[in-house]
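My notebook is open, and I am looking up a few residues one at a time. Here is what I noted along the way.

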Amino acid sequence: MLMLLLVENSEGVISASNYLVGLGSYDITGPAADINMMGFAKMYQTTSGIHSRLRARTFIVAEPQGKRVVFVNIDACMASQIVTIKVLERLKARYGNLYTKDNVAITATHTHAGPGGYLQYFVYIVTSFGFVRQSFDALVDGIEQSIIQAHDNLRPGSIYVNKAELLDAGVNRSPSAYLNNPAEERSRYKYDVDKDMTLLKFVDDKWGPVGSFNWFATHGTSMSRTNRLISGDNKGAAARFMEDWFDQDSSVRKPSDAFKAKENPPRVSNIIPFVHENHCEFQELNASSQSSSSKPATRFMSLARRVRSAVRQVDRPAFVSAFCQNNGGDVSPNLLGAFCIDTGSPCDFNHSTCGGKNALCFGRGPGPDEFESTRIIGDRQFKKAVELFNTASEQLKGKVDYRHTYVDFSKLEVTISKQGGGNKVVKTCPAAMGFSFAAGTTDGPGSFDFKQGDVKGNAFWRWLFSLLKKPNQEQVNCQHPKPILLNTGEVKQPYDWSPAILPVQILRIGQLVILSVPGEVTTMAGRRLRDAVQTVLTTEASKEFDGNFHVVIAGLTNAYSQYVTTFEEYQIQRYEGASTLYGPHTLNAYIQEFKKLAVALISGQSVQSGPGPPDLLDKQIGLLPPVLMDATPPGVKFGHIKTDIPNNSTFKRGDNVIVVFWSASPRNDLMTECTFALVEILEGKDTWVPAYDDDDFCLRFIWSRPAKLCPISHATIEWRIPETAASGVYRISHFGSAKSLLGSIKPFTGSSSAFVVT
């Protein structure tokens, strides 16, 4: 013991911490070409470049001699049951029984701008032409690597929790359904969406702050259904802003300092000494810096030159900040409301239509375009997170624990209260989608003549979809008043269309309790679920923390089963109600099962594992054509400039610099933890230093080709110069890999002419 104390003292660490804490982060961007995006279910919306990279961010918290929990937040539309299954298999092979289904949670931000095709149930991969192995592998690999990083970074540390309201980052997109909840219940709440952000601050005993995770309810739909650039949407933007803010100057921790920049956040000044304002000197350097011709490249070259590789201390754990989803099922980031694009008038309140047409009703704002709206909503979450991070003082103390079970939601008996007293038993139903599911939402309306709030249906569509599987009368009665459009729970060809068996999980870290829900929970549904669990915790643990637990909902976790509304919202059959798969008692089923887990958690009881979900990986069908080959016109090489910057050009901050390269399919090399695009600044006479890459909000990598199957393609790189960019000489570079007709893949790179920023 004396020797151990001496070793600790020699390292400057005397830990009074209750926990071991480790964080990790890894690239999960996936294929940036040709893949249908997951979320809006529009077949034309395929990936064609990168607005921002997607990441898996992980924290692990462990008692030194006890239990541990793993929480992974992925920039994806939702968690996938088959992804979770395969990640757990890899963790078992690597760590034995240290990390299992019981103590690992994988949740998603709900961006609608990521590659699809990674879920195992058929209905969710129709628009992606089936299963996309590249999307799936990028997720499984990245999640595993982020967990490995977090495991390797485990050190004594402390965790602090903080909570406050964020008022201007979400509105209710289905207010007519919300208003059907009891008036007495609604009167207990000031808003028709939850405004609370709950944040955890992780502090390493040696290194100080190493990360933060927060939960806040708003949809990842600031980027629209016409966008084709991979993007983490508003939560991905917020995470990038906060991580870069911390890296910018670890000695500065005042919110006022973080908010001074007009563009969030700068890093160039940390990479190189500030370049003096000497325009003549810049022009001389510019003249001596010629455009580099296309040349072979390696992924190592790209990796070594990435911006964040240059900024980060080698021996210090990277700061990881995750912005997680909460009960945001009916919460839209399009703050200005829904308007008709033909007249500019507000949409119909009950049905979100314009002259009876669903497709004309869209949510707006807050920015003039989707990129600015993404930045604004991301910036607001970032600023609130910084405020909570800097003022967090309540330390988590107590047990690390968890409970997990699988539940068959297609036939679950649920005990509910009867009006006038007493109880009755009801049942959930096999999964089914209502007519209003096809209507979409004001964030992304559907097609044809579907509309929200439809409790009758349409004879033609009913007949057409009954050819798949006509619901029997028992199913019709069970799902009432939902008119069934797709009876997905009873369709088994070519394999299961919807899940029946779902994971239900509680994680506990001291006085924080996380409810892992495999679906999108609406505002009031989330309030009821939290209150029910809080009541159990308060009753069962009256002597611990005075029952003062922080309960957060992690929606879209471990699997995906669409929506969870209240019984009253279900009656209105807007999009969320029509997408509540297991009938009107779905929420009560979740409340019942989570209360059981909460009782077991607090009392130390074990729970039954339940029936395991199917592993359908070997049954998957993928019809997406592969990349056959890439080509360039005669006399042109991959990486050559198609449209360059004029010689001796000078730009100002706020200008948009555009370069076009002859390129190849991004599917040949995903550039994981690398970059397709790079802005470099000249240091001295001949040293180019990375300044911005394709994970920066100001830099866009746009891939295109003249025709669908054409082997010739272009990479357009747009850099909107931030207000905080250092003056100096810059160039823009592009990295990629080309596939020959024989199947070999060779990397390439090219750079633009140099230009001056003043």
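Is Thr107 buried or exposed? I began with this one, keeping in mind that the model is predicted. Thr107 has a relative accessible area of 0%, so I wrote it down as buried.

**Around Thr107**

I placed Thr107 in strand β6, which covers residues 104-108. Setting aside neighbours within four places in sequence, I listed its contacts: Phe71, Val72, Asn73 and Ile74, along with Ala554, Gly555, Leu556 and Thr557. Then I looked at the polar side of Thr107. A polar atom of its side chain lies 2.8 Å from the backbone oxygen of Gly555. The side chain of Thr107 also makes a polar contact of 2.9 Å with the side chain of Thr557. Cys77 counts as buried, at 4% relative accessibility.

**Disulfides**

How many disulfides are there? I got a count of 3. Counting bonded cysteines along the chain, I read their pattern as 1-3, 2-4, 5-6.

I took Cys340 and Cys354 to start with, and found their sulfur atoms 2.1 Å apart. The link is left-handed, with -100° about the S-S bond. Cys340 sits in strand β15 and Cys354 in the loop between β15 and β16, so the pair ties together parts 14 residues apart in sequence. Cys340 is buried at 5% relative accessibility, and Cys354 is buried with a relative accessible area of 5%.

Next came Cys347 and Cys361, whose sulfur atoms are 2.2 Å apart. I noted 115° about the S-S bond, a right-handed link. Cys347 belongs to the loop between β15 and β16 and Cys361 to strand β16, so this pair joins parts 14 residues apart in sequence. Both Cys347 and Cys361 are buried.

For Cys429 and Cys478 I found a sulfur separation of 2.0 Å. The torsion about their S-S bond is about -90°, so I logged this disulfide as left-handed. Cys429 lies in the loop between β20 and β21 and Cys478 in helix α14, so the pair ties together parts 49 residues apart in sequence. Cys429 is buried at 0% relative accessibility, whereas Cys478 is partly exposed at 22%.

**A surface patch**

Which residues make the nonpolar surface patch of about 390 Å²? I found Met43, Phe129, Ile621 and Leu623. I followed up on Ile621, which is in the loop between α18 and β30. Ile621 is partly exposed, with a relative accessible area of 37%.

Definitions and conventions:
Residues numbered from 1 in each chain as written. Predicted model: local features only at pLDDT ≥ 70, side-chain atom pairs only at ≥ 80, totals over all residues. Heavy atoms only, no water. Patch = residues over 30% accessible without salt bridge, like charges linked within 9 Å, V, L, I, M, F, W, Y side chains within 5 Å. Areas by Shrake-Rupley, 256 points an atom, 1.4 Å probe, with all protein chains shown as cover. Salt bridge = Lys/Arg side-chain N within 4 Å of Asp/Glu carboxyl O. Helix = DSSP H or I, 4+ residues; strand = E, 2+ residues; numbered from the N terminus. Buried < 20%, exposed > 50% of the residue type's maximum accessible area, 1.4 Å probe, protein only. Contact = heavy atoms within 4.5 Å. Polar contact = N/O pair within 3.5 Å; in protein donor to acceptor, adjacent residues only side chain to side chain. Disulfide = S-S within 2.5 Å.
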